[in-house]
Amino acid sequence: MLNLNPLIALGLSAVLSTSAMAATATIEVQADHPAVTINSAMWGIFFEDINFGADGGLYAELVKNRGFEFPDPMMGWFRLSPSLAKGQLSIHADNPFNAANPHYLRIESEAAAPFGVANEGFRGMGVRRGETYNFSAEIRRINGAASFKIELYGADGSLLDSVSLKECPANWTRQTAVLHPKDTDPKAKLYLLVEGKGGFDIDLVSLCPEKTWKNRPAGLRADMVQLLADLKPGFMRFPGGCIVEGTDLARRYQWKKTLGPVEERPLLVNRWNYEFLHRPAPDYFQSFGLGFFEFFQLCEDIGAQPLPILNCGMACQFNSAELCPLVQLDPFIQDALDLIEFANGPVTSGWGAKRAAMGHPEPFNMKMMGVGNEQWGSEYVERYARFAKVLKEQHPEIALIAAAGPSPDDERFKFLWSKLRALKADVIDEHCYATPDWFLKNTHRYDDYDRNGPKVFMGEYAAQSQYTLSPKNRNNLECALAEAAYLTGLERNADVVRLASYAPLFAHAEAWQWTPDLIWVNNLSVVATPNYYVQQLFSRNRGDQVLPTTLKLAQEPAAGSSNAIPTLFASATWESAPRGIILKVVNAGAASADAEIRLEGAGSVGLGSRAILLTGDSPAALNSFEQPKNVVPVESAISDVSNHFQHWFPAHSMTVIRVPVK
Ligand code: AHR
């Protein structure tokens with residue numbers, strides 16, 4: 001029987017007619033045997049500043065290299081020489097407005113016509129008509145009586161807005177102005193012009209939309225954060241990823257350097273600037289406008305538990321593999337202790353006081369922390385053990401996440417699991433970038449995991465439509481469903497797998513290094529991928545306890561086809577409020593499945609049942625900036641639910657059935 005509303009049925013008619021013969025299955029849910037409690041933070045997100053995820057992405061600042069601190073201080077800036085204009089640009093470092101941000105730009109105009117520079121932003125600046133953009137810069141007049149103009153131009157060269165500063169004294173002064181672009185433009189540019197004869201020194205230039213997430217000045221892009229909030233993530237892992245490790249230790253992520261006034265957060269080259277020769281990004285740096293305080297604040301805003309990952313004294317083992325000698329590890333461990341105090345300590349503590357001074361006297365209630373990212377070998381075990389000894393003694397309340405290397409099943413992985421099990425690690429962080437088939441074949445991976453050993457954090461995973469690191473990987477429906485199938489296995493084993501996050505999270509469509517990614521953005525828009533909706537279907541339909549679920553095919557694969565890749569998957573959970581059963585069924589195959597669903601021991605069910613269906617017209621289906629809603633969940637009421645009922649699962653689909661129980 002088809003339980004579809006007419007709209008969905010219309011949309012699926014093509015799938016029906018081209019499907020191969022329908023498979024028939026029985027899905028049995030033991031509704032009166034809630035097995036294990038699911039971690040309320042189970043489904044989370046992984047943030048790393050990769051693909052212009054922070055600067056040029058989540059961090060709403062539109063000016064690139066605003067402090068002239070890039071190794072090429074003029075990167076991102078261009079000389080403007082309209083006819084009749086004459087002048088000089090130079091970079092200086094004497095008597096800066098802030099010694100922590102020493103370089104600044106001098107513009108000297110020698111004619112009446114406006115002379116100056118333009119900033120190109122991050123592949124342009126996305127501005128919207130009708131919205132307000134706040135400009136600020138540190139400026140001092142060095143000579144002459146010229147005026148200082150700030151202008152915004154569209155990609156086609158049209159003037160979007162222009163403002164002249166009223167007074168510019170001879171000492172460093174923070175100047176502000178407000179711009180209202182007369183048109184929307186994804187690739188606007190900011191012009192700084194000196195009109196008349198005279199010179200100015202300029203530093204820390206900023207242009208930010210007034211409309212940010214929670215309207216915080218120089219805050220985060222509201223549309224990007226909204227998508228995160230809509231996931232209802234249980235936790236947020238930050239700041240990565242390999243970025244934690246650094247190419248070498250000098251370039252590792254150091255959280256203490258990401259606090260305080262933004263001009264005092266030392267710029268650091270982003271490791272994804274040069275990591276991939278096929279996707280170089282020479283203008284990719286970390287300004288840390290999105291720093292650790294902002295990460296904690298973001299977690300709080302979206303209801304996600306903070307899960308920071310710290311460097312454990314090891315640089316990226318794919319790069320330099322530099323090690324901090326064990327005898328010099330204390331400062332790294334101290335960083336972890338200080339972070340706990342920063343996040344959770346009272347305002348009377350040193351780091352708690354710093355948090356309070358930043359405007360957050362209440363603790364951030366951090367409960368977990370990662371020691372190292374994607375490390376391996378005995379070098380890691382030795383370092384992890386040192387961290388764990390100190391942290392467990394002083395902070396037994398913090399769950400420690402240990403690394404299991406870059407692969408889900410190689411020798412490095414096995415070695416680490418055996419050592420970390422012996423060390424009684426709390427949680428082990430598994431990473432998996434693999435083909436869709438790998439995910440489909442491994443949904444029973446955790447069925448046999450030791451229930452008494454460390455728990456699992458599936459900390460990075462994504463199905464790769466081509467192969468890992470291929471620039472041709474796509475966030476298509478096939479990959480999303482392979483992940484969904486895999487997640488039914490995680491859900492069934494929620495006593496072992498306590499946390500899971502897809503990686504990476506964001507990618508700028510014109511500035512990415514790694515694909516696939518959960519959310520694609522450009523300077524004005526966001527696109528949630530089919531993979532995003534899979535995450536959302538799990539996190540928003542989590543349930544509190546796992547219900548034992550079995551799936552039986554009417555026709556088991558023929559003998560000799562034991563390598564056949566399974567296509568139908570199911571898991572179920574119990575939700576206490578409102579009381580009900582949540583059944584998730586993934587049909588990754590090319591044939592629809594008409595399944596009998598048996599809700600054993602459920603009592604009185606039926607009224608108010610709903611189905612949420614995620615599907616598309618082919619496994620290759622994608623969402624794009626042009627068609628962002630091509631593959632989205634569609635919800636409909638289903639009327640004929642009872643303790644035993646039939647439901648039709650279209651080819652290439654994921655369905656969540658919510659059955660209220662009296
Ligand atoms: O998610 C992208 C990268 O994949 C992460 O930085 C790293 O941990 C893994 O290798």
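A salt bridge is here a side-chain nitrogen of Lys or Arg within 4 Å of a carboxyl oxygen of Asp or Glu. By that criterion, the whole structure contains 36 salt bridges. The model is predicted, so local features need pLDDT of at least 70 and side-chain atom pairs count only at pLDDT 80 or more, while totals for chains, interfaces and linings use all residues. Residues are numbered from 1 along each chain as its sequence is written, and side-chain values use heavy atoms, with hydrogens and water left out.

**Stop 1: salt bridges**

Select R598 and E28. These two residues form a salt bridge in which the closest N and O atoms are 3.9 Å apart. R598 belongs to strand β30 (residues 591–600) and E28 to strand β1 (residues 20–30), so that the pair links distant parts of the chain, 570 residues apart. Helices (H or I, at least four residues) and strands (E, at least two) are DSSP runs, numbered from the N terminus.

How accessible are the two partners? R598 has a relative accessible area of 24% and is partly exposed; E28, at 24% relative accessibility, also counts as partly exposed. On this scale, buried means under 20% relative accessible area, exposed over 50%, and partly exposed in between (1.4 Å probe, protein chains only).

Next, select E61 and R66, whose side chains meet in a salt bridge at 3.4 Å, N to O. E61 is buried, with a relative accessible area of 4%, and R66 counts as buried at 10% relative accessibility.

Then move to helix α6 (residues 377–394), where K389 and E393 lie four residues apart, about one turn of the helix. Their side chains form a salt bridge of 3.2 Å, N to O. Here K389 is exposed, with a relative accessible area of 55%, and E393 counts as exposed at 57%.

**Stop 2: the ligand**

Display the ligand together with its shell: E48, G241, C242, W272, N373, E374, H431, Y433, E460, A503, P504 and W514 surround the ligand. A residue is near a molecule if one of its heavy atoms lies within 4 Å of it. The shell divides into six nonpolar, three polar and three charged residues. In this scheme Ala, Val, Leu, Ile, Met, Phe, Trp, Tyr, Cys and Pro count as nonpolar, Asp, Glu, Lys and Arg as charged, and the others, Gly among them, as polar.

Which atoms of the shell approach oxygen atoms of the ligand? A polar side-chain atom of E48 lies 2.6 Å from a ligand oxygen atom. For C242, a backbone N or O atom is 2.8 Å from an oxygen atom of the ligand. In N373, an N or O atom of the side chain lies 2.9 Å from an oxygen atom of the ligand. On its own, the ligand has 280 Å² of accessible area, of which the protein covers 96%; accessible areas come from the Shrake-Rupley method with a 1.4 Å probe.

**Stop 3: cysteines**

How many disulfides does the structure hold? The structure holds zero, where a disulfide is a pair of cysteine sulfur atoms within 2.5 Å. C242 is in no disulfide, and the nearest cysteine sulfur, that of C316, is 4.4 Å away. C242 is buried, with a relative accessible area of 11%. Select C299 as well: this residue counts as buried at 1% relative accessibility.

**Stop 4: backbone geometry**

Most residues other than glycine have a negative phi, and most peptide bonds are trans. Return to A503 and P504, which are joined by a cis peptide bond with omega of about -15°. P504 lies in the loop between β22 (497–502) and β23 (506–508). Then select A577 and P578, where the peptide bond is cis, with omega near -5°. P578 is located in the loop between β28 (568–575) and β29 (580–587).

Proceed to F288, a residue other than glycine with a positive phi near 65°. F288 sits in the loop between β16 (285–286) and α3 (292–302), and is buried, with a relative accessible area of 5%. Finish at H652, which has a positive phi of about 50° although it is not a glycine. H652 is found in the loop between β33 (644–649) and β34 (653–660), and counts as buried at 14% relative accessibility.

Conventions:
A polar contact is a pair of N or O atoms within 3.5 Å; within protein, one must be able to donate a hydrogen and the other to accept it, and residues adjacent in sequence count only if both atoms are side-chain atoms.
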